[in-house]
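The following exercises are intended to be worked through with the sequence and the coordinates at hand. Each task sentence is followed by a solution in steps.

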Amino acid sequence: MASIFTRIINGEIPCYKIAEDDRYFAFLDINPVTRGHTLVIPKQETDNIFDLEDDLLGGLHVFAKKVAHAIDKAVQCERVTMAVVGLEVPHAHIHLIPINSMREYSFANPKVQLSKEEFEEIAANIRKNF
Ligand code: 5GP
């Protein structure tokens with residue numbers, strides 16, 4: 001069965017999309033650690049990011065870099081951080097999480113609650129800067 005992220009790429013499940021090209025896709029995390037928390041994924045469905053073929057893994061990071069620069073311009077933050085976890089969704093992904101302090105940088109923190117309008121506004125601002 002297709003992963004939830006493949007279903008997002010295919011438009012079967014809605015998302016707040018940031019960007020895509022022929023190999024990669026970026027969208028807002030639905031349970032953000034901070035405002036602007038974005039997921040960057042390869043369109044090819046592979047569970048473990050470290051099983052990606054070198055060129056695809058390298059390209060994923062270059063695509064994530066462009067998204068991170070756009071987040072940096074769109075969201076007030078000190079740094080855009082990068083994390084790989086993969087415990088929940090078996091489709092390789094990079095978390096890009098803008099933070100202002102280490103305290104904000106924890107998956108154990110209560111997630112930020114945002115309205116549909118707030119998600120849309122954040123996504124539009126990041127898209128504008130991509
Ligand atoms: P991980 O697999 O790295 O532990 O976490 C998966 C991430 O995907 C979580 O931060 C979770 O909030 C996010 N996520 C899970 N399902 C969906 C979804 O349907 N849409 C979006 N936008 N994010 C999701």
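The structure is a predicted model, in which local features need pLDDT of at least 70 and side-chain atom pairs count only at pLDDT 80 or more, while totals for chains, interfaces and linings use all residues. Residues are numbered from 1 along each chain as its sequence is written, and side-chain values use heavy atoms, with hydrogens and water left out.

**Exercise 1. Strand pairing**

Task: Determine how strand 1, strand 2, strand 3 and strand 5 are joined.

Solution. 
- Step 1. Helices (H or I, at least four residues) and strands (E, at least two) are DSSP runs, numbered from the N terminus. Two strands pair if DSSP finds at least two bridges between them.
- Step 2. Strand 1 (residues 17-20) and strand 2 (residues 24-28) run antiparallel and are joined by three bridges. The two form a hairpin, with three residues between them. Within this pairing, Glu20 stands opposite Phe25 of strand 2.
- Step 3. Strand 2 is also joined to strand 3, again antiparallel, by five bridges. Here Phe25 faces Ile41 of strand 3.
- Step 4. Strand 3 pairs in the antiparallel sense with strand 5 over three bridges. The bridge partner of Val40 in strand 5 is Ile94.

**Exercise 2. Cover of strand 3 and of Phe27**

Task: State which residues of strand 3 point one way and which the other way, and decide whether Phe27 is buried or exposed.

Solution. 
- Step 1. Buried means under 20% relative accessible area, exposed over 50%, and partly exposed in between (1.4 Å probe, protein chains only).
- Step 2. In strand 3 (residues 38-42), five of the five residues are buried. Thr38, Val40 and Pro42 point one way, Leu39 and Ile41 the other way, and all are buried.
- Step 3. Phe27 belongs to strand 2. Its relative accessible area is 2%, so Phe27 counts as buried.
- Step 4. Contact means heavy atoms within 4.5 Å. Leaving aside neighbours within four places in sequence, Phe27 is in contact with residues including Phe5, Ile8, Thr38, Leu39 and Ile41.

**Exercise 3. Salt bridges**

Task: State how many salt bridges the structure holds, and describe the pairs of Glu12, Glu20 and Glu120.

Solution. 
- Step 1. A salt bridge is a side-chain nitrogen of Lys or Arg within 4 Å of a carboxyl oxygen of Asp or Glu. The structure holds six of them.
- Step 2. Glu12 meets Arg7 at 3.2 Å, N to O. Glu12 is partly exposed at 49% relative accessibility, and Arg7 is partly exposed at 31%.
- Step 3. Between Glu20 and Lys17, the closest N and O atoms of the salt bridge are 2.5 Å apart. Lys17, Glu20 and Lys43 are linked in a network of salt bridges.
- Step 4. Glu120 and Lys116 meet at 2.8 Å, N to O. They are separated by about one helical turn because they are four residues apart in helix 3 (residues 116-128).

**Exercise 4. A nonpolar surface patch**

Task: Identify the residues that form a nonpolar patch on the surface.

Solution. 
- Step 1. Patches are made of residues with over 30% relative accessible area and no salt bridge; like charges are joined within 9 Å, and nonpolar side chains (Val, Leu, Ile, Met, Phe, Trp, Tyr) within 5 Å.
- Step 2. Val85, Leu87 and Phe107 form such a patch, with about 320 Å² of accessible area together. Accessible areas come from the Shrake-Rupley method with a 1.4 Å probe; for residues, only the protein chains shown count as cover.
- Step 3. Val85 is found in the loop between strand 4 (79-83) and strand 5 (94-99), and is partly exposed at 42% relative accessible area.
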